[in-house]
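Please view the sequence and the model together before reading on.

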Amino acid sequence: MIRVIKEGYRDWKKLCFNLPFCGGLLLMMCVSYATLLHNPTIGIDDTSFDVYYEEGVSPAMGRWVLFLLNKFVPLNYNPYMVEAVGLLVFCISVSIWCLVFYKVFGERIPRGGYLAFGCAMLSNSILAEVVVWYLQDGLYVGYGLAALSVFFGIQAFEKKDRTKRSTGWISLGLSAVFLTAAAGCYESLLLVWGISMLAAFMVF
């Protein structure tokens, strides 16, 4: 299991810890969200923070991750800072999705292709509505958790690890844990996870 984690971290560093990739993602984040951050809007959910995160409506809907996080790191703070941190977390989540694609396709796709995917995901207008219309509800954290779940899910069924049952079961367990946490951020990520796993199996 330690080998799996080390290999994943090594691939992540090789793919993402270089100037073109990091610089490209950060530049795309600034270009895509600078105007939004400096011209904030207020949605109905932004005015109901106490209802969601103090009175417990959020976990009642099944979105418990940020409810717990708010107990340790207060989110009812400067909205510019909260959203900026959320976008940096989103960059990390996007890079983890690039790692998932790299695990499936490897060097068959040039490095520029992974950067192009990362920029497209980061600037997606549907995902950007989280910043525009309502409080950061954990969607960006959830995408990273879903990506980790897919990564370990693929690892659990990879041929070279089928002979090592303990590694396969641990990977499957980690996949389930990350998926549970992702669903606790936003339940629609279950669909993202299912489609991603199906697509990965079809490619393999």
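This is a predicted model: local features need pLDDT of at least 70, side-chain atom pairs count only at pLDDT 80 or more; totals for chains, interfaces and linings use all residues.

Residues are numbered from 1 along each chain as its sequence is written, and side-chain values use heavy atoms, with hydrogens and water left out.

The protein chain has eleven helices and zero strands; helices (H or I, at least four residues) and strands (E, at least two) are DSSP runs, numbered from the N terminus. Of the 204 residues in the protein chain, 44% are buried. Here buried means under 20% relative accessible area, exposed over 50%, and partly exposed in between (1.4 Å probe, protein chains only). A contact is a case of heavy atoms within 4.5 Å. Among contacts between residues at least 6 apart in sequence, 76% join residues at least 24 apart.

The largest nonpolar core holds 52 residues, of which Tyr33, Phe90 and Trp97 touch the most other members. Such a core is a set of buried Ala, Val, Leu, Ile, Met, Phe, Trp, Tyr and Cys residues joined through side-chain atoms within 4.5 Å. Helix 6 (residues 79-105) supplies the largest share of this core, eleven residues. Apart from its neighbours within four places in sequence, Phe90 is in contact with Tyr33, Met121, Leu122, Leu127 and Tyr140.

Two packed helices are described by the angle between their axes and the distance between the axes. The table gives these values for one pair.

| Helix pair | Angle | Axis distance |
|---|---|---|
| Helix 2 (residues 19-38) and helix 6 | about 145° | 11 Å |

Axes are lines fitted to C-alpha atoms, for helices over the stretch in contact, and angles run from 0 to 180 degrees between N-to-C directions. The contact between the two helices includes Tyr33 of helix 2 and Phe90 of helix 6.

Helix 1 (residues 2-16) has 15 residues. In helix 1, Val4, Gly8, Asp11, Trp12, Leu15 and Cys16 are buried. They lie on the same side of helix 1 because they cover an arc of only 105° around the axis, the arc being that of the directions from the helix axis to the C-beta atoms. Ile2 and Lys6, on the other side of helix 1, are exposed.

Ser125 lies in helix 8 (residues 125-133). Ser125 is exposed, with a relative accessible area of 59%. Ser125 and Ser32 are 93 residues apart along the chain, and their C-alpha atoms are separated by 9.1 Å.

Definitions and conventions. The expected span of a helix is 1.5 Å times one less than its number of residues.
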